[in-house]
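Take the ligand as the starting point.

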Amino acid sequence: MKQAEKGQTGQDVVFDWKAVLERIKSHSPPDWLFSIEVTRTEGRKITLGAKSQFQALWAKNHYLPLINETAGNLYGKEIFEITIDTDGSGPSGGESRKNGRDAKPEDKEVRAPRAESFPNSANSFENFIVGPSNQFAHAASYAIAENPGKAYNPLFIHSGVGLGKTHLLHSIGNHILKKNGSRINIFCISAEHFTNGVIKSIKTGSMDNFRDLYRFNCDVLLIDDIQFIAGKNSTQEEFFHTFNSLYTAKKQIVITSDKHPSLIKNFEERLKSRFEWGLTADIQPPEVETKIAIIEKKAEKERIEVPADVASFLAQNIVSNVRELEGSVNKLAAYSKMFNERITLELAKDLLKNLVKKESPKIITIELIQKEVSSFFNLTVKELKSDQKQKKVSEPRQIAMFLSRRYTSSSFPEIGSKFGGKNHSTVVHAVKNIEKKIYRDPSVSNAVSALSASLEKFITS
Ligand code: ADP
Ligand code: MG
């Protein structure tokens, strides 16, 4: 449908939706975007109709700015005011039309999830930097996003704060949405949101509605920070039943937490064991190279120039938290934009002196690592450095070598010499072995996480 309006030159301008679509093709939108049509025109107001509320919201979140920009380029700025709504042919909207006890699975097509369970469009696989510390969690997440319900179920992602769990969880949601549009209903929610739902349903006596919402309405459940429901018995009970129905129906479940399932306290055993039915993946603190790549990506997004020495300074000094890393780049960006100043190492050191402890820097040494690791495993430093081959000594030794590589700038031979004169290849083997085990063996990954946290406390305290 075309709509005539007076353009800036006084000429009639015709809004041609197909021409706009043609131009945004190069941004590879999902196929269903092409089924959207103009449903209403009122002067310069154009309403586009999507087949469902789900699609309307998604298109609004992801494509409206581009649609506006493209129309602006075609016709001169701001001639048309474009909104996206449903075309009335599909699901009715935010609330399920038929909610509650009489809802059946076949009513599914008349339902649409609510806006608050949408993944945040800012988090995507495209802007997630992959490095050795997160590649396993990333690969598992991607496999799931490509084939929900078929790859691993559930996927359980755990890590310390600010290392990218939420980012990956929302990337899964966005990827599935982009590929499938409204065909798959995704609930991307925090465990806190789930808890609030339980509390509200108990209060209003509408627990059946709450259960049905997940049981019949959800194809993919992405739930963030499950540790939040520790100690909350009614919520755990509800989550247990939700989990079971979705799992039995082969619906994809992805859970994140700040700890490995076995380490969450005040949590029902039956739930913890279910979390381990599928695949457990952890994210470790990023290596310096990954941190530099994250800084570069962020700088690109902020359109600022971060010189290599500044990126390297930040990556070396901001130990583990990607959120802090981003915060420091934001701070530099804000400053340099405000005062129109180039970012230099001096400026970075000055601006970030609260974050980065410049004076009397505390350094993680191999000796400190050996002390921490031996006390963690109840060994003496002498045993750790010895040639003993039993696993209870050799594995901690390998972990200590791995941590020495991660936290010091020592070369493989230097590390070897501090471990009772081991040669270069022994250290290389140890580091590789632990890198592998981190993904497969929760006891190793937990030890590495706990030791990393205590070493990092040392520098940041
Ligand atoms: P968590 O949920 O583990 O606490 P988040 O997912 O919220 O961490 O990540 C914190 C911030 O760091 C977010 O802004 C996120 O986009 C960013 N971030 C984390 N890891 C990466 C990564 N590998 N690449 C790009 N950005 C990342
Ligand atoms: Mg998070």
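The grid has a 1 Å spacing and covers the protein atoms alone; a pocket is an open set of points with protein on both sides within 12 Å along at least five of seven lines, a cavity is a set where a 1.4 Å probe fits but cannot get out, and lining residues have an atom within 4 Å of a point.

The model is predicted: local features need pLDDT of at least 70, side-chain atom pairs count only at pLDDT 80 or more, and totals for chains, interfaces and linings use all residues. Residues are numbered from 1 along each chain as its sequence is written, chains are lettered from A and ligands numbered from 1 in the order in which they are written, and side-chain values use heavy atoms, with hydrogens and water left out.

Start with the ligand shell. It holds 18 residues, and Gly 162, Thr 166, His 167, Arg 323 and Glu 326 come nearest. A residue counts as near if one of its heavy atoms lies within 4 Å of the molecule. Sorted by class, the shell has 6 nonpolar, 9 polar and 3 charged residues. Nonpolar means Ala, Val, Leu, Ile, Met, Phe, Trp, Tyr, Cys and Pro; charged means Asp, Glu, Lys and Arg; the others, Gly among them, are polar.

Which atoms make the polar contacts, that is, pairs of N or O atoms within 3.5 Å? Arg 323 places a polar side-chain atom 2.7 Å from an oxygen of ligand 1. Gly 164 uses a backbone N or O atom, 3.1 Å from a ligand oxygen. The side chain of Asn 134 has an N or O atom 3.3 Å from a ligand nitrogen. On its own, ligand 1 has 560 Å² of accessible area, and the protein covers 88% of it. Such areas come from the Shrake-Rupley method with a 1.4 Å probe. Two elements give two or more residues to the shell: α4 (165–180) and α11 (322–339). Helices (H or I, at least four residues) and strands (E, at least two) are DSSP runs, numbered from the N terminus.

Now widen the view to the pocket. Its volume is about 1,300 Å³. A volume is the space filled by probe spheres set on the grid points, which are joined across faces, edges and corners. The lining counts 39 residues; Ala 122, Asn 123, Ser 124, Asn 127 and His 167 lie nearest the centre. α4 gives the most, 8 residues. By class, the pocket lining divides into 13 nonpolar, 16 polar and 10 charged residues.

The largest cavity has a volume of about 40 Å³. Among its lining residues are Arg 211, Glu 238 and His 241. α7 (233–248) supplies the largest share, 5 residues, and α6 (207–217) supplies at least two.

Two backbone details remain. The peptide bond from Asn 153 to Pro 154 is cis, with omega near -10 degrees. Pro 154 sits in the loop between α3 (135–146) and β6 (155–159). Asp 225 is not a glycine, yet has a positive phi of about 60 degrees. Asp 225 belongs to the loop between β8 (220–224) and α7.

Conventions: A polar contact is a pair of N or O atoms within 3.5 Å; within protein, one must be able to donate a hydrogen and the other to accept it, and residues adjacent in sequence count only if both atoms are side-chain atoms.
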